Amino acid sequence: MEQEDRYFRPPSEADSFIIRVMRGCSYNACAFCGMFKDVPLQVLPLEEVLRGMEADAREMGRFLPLITSLYLEGGDPVALPAPHLLRIMEHARQCFPALSRIACYASARSIMSKTTEDLAFLAQAGLRRVFVGLESGSDAVLARIHKGCTRSDLLRASQKLDLAGIENDVSLMLGIGGPELSRRHALETADLLNAINPVCVRIRTFVPTANSPMGEDYRQGRFVLMEPHDVLNELRLMIAGITGSMQVLSEHWSNFVTFDKTLPKDREALLTIIDNVLLMPRESFRPIGLTEAIS
């Protein structure tokens with residue numbers, strides 16, 4: 001499969017019907033990410049997307065009532081003009097009558113480019129949840145990884161989503177600040193999560209990819225990867241600092257512990273799980289190092 005033909009979506013959207021609206025990412029400069037480095041940005045023509053949905057609906061036939069959720073695929077669909085997105089979502093509801101929710105990736109930059117009214121119209125048209133790559137709540141870490149936004153941007157973007165009635169589902173990355181920024185990353189991320197209060201926090205652990213700037217930094221010795229026990233201690237510090245109510249989910253292969261818990265209800269149970277995993281020897285965990293791609 002060609003790189004540009006790969007589809008990316010969160011695991012929770014595995015049962016959603018997928019409609020590609022763009023290729024690549026509108027920013028595509030995060031130092032840790034290699035997902036779209038070789039994919040030129042392309043917004044699919046509106047009429048092509050609309051005709052594609054009509055064809056999909058015809059092909060589904062008697063199974064059409066099974067399509068209740070739709071995922072708009074692309075690096076950052078919210079970066080598209082609001083009228084463009086609205087037309088897609090309105091047409092989707094015509095093509096798939098049982099549709100109850102639409103979701104997609106979004107960046108703080110694209111959310112901030114929309115007015116509160118734009119976002120409210122998108123919510124009314126069916127956009128129920130966006131998946132935002134938070135990565136960190138520390139400005140020092142965000143600058144180091146060239147995230148293209150600040151802690152303040154992430155907070156303001158979340159506030160705009162709240163006002164519009166769109167659920168904010170965020171992801172963060174353990175170990176992304178390296179050993180020297182680990183404590184700051186943990187504490188400031190927990191603090192930002194308390195302020196944002198997202199519906200879900202999805203945890204991943206940083207693994208350098210061969211086609212990313214941070215992958216090259218690791219190869220050249222400019223970035224030091226944290227060992228599993230250090231990553232777990234970073235996670236423990238972060239969990240201990242989260243006081244808001246949210247689902248915290250660790251299901252990605254990159255992580256050294258898996259769980260699906262709700263805070264603050266499950267805090268002590270989760271800390272116990274982490275403490276038990278911390279007792280395991282180094283050889284119990286996956287090797288660390290460079291990988292070709294993240295999936």
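Student: Which residues of β4 lie on one side and which on the other, and what makes both faces count as covered?

Tutor: In this predicted model, where local features need pLDDT of at least 70, side-chain atom pairs count only at pLDDT 80 or more, and totals for chains, interfaces and linings use all residues, Ser-69, Tyr-71 and Glu-73 lie on one side of β4 and Leu-70 and Leu-72 on the other, and all are buried. Buried means under 20% relative accessible area, exposed over 50%, and partly exposed in between, with a 1.4 Å probe and protein chains only. Residues are numbered from 1 along each chain as its sequence is written, and side-chain values use heavy atoms, with hydrogens and water left out.

Student: Why is strand β4 described as largely enclosed by the rest of the structure?

Tutor: Because 5 of the 5 residues of β4 (residues 69–73) are buried, the strand is largely enclosed by the rest of the structure.

Student: What makes Asn-211 partly exposed?

Tutor: Asn-211, in the loop between β8 (200–205) and α8 (213–219), has a relative accessible area of 29%, so it is partly exposed. The side chain of Asn-211 reaches the backbone oxygen of Gly-34 at 2.8 Å. Leaving aside neighbours within four places in sequence, Asn-211 is in contact (heavy atoms within 4.5 Å) with Gly-34, Lys-37, Asp-38 and Glu-292.

Student: How do you know that Arg-286 has no salt bridge?

Tutor: A salt bridge is a side-chain nitrogen of Lys or Arg within 4 Å of a carboxyl oxygen of Asp or Glu; the nearest side chain of opposite charge to Arg-286, Glu-227, is 9.0 Å away, so Arg-286 is buried yet has no salt bridge. Here Lys and Arg count as positive and Asp and Glu as negative, while His and the chain ends are not counted.

Student: Which backbone oxygen lies 2.6 Å from a polar atom of the side chain of Arg-286?

Tutor: That backbone oxygen belongs to Ser-254.

Terms used: Polar contact = N/O pair within 3.5 Å; in protein donor to acceptor, adjacent residues only side chain to side chain. Helix = DSSP H or I, 4+ residues; strand = E, 2+ residues; numbered from the N terminus.
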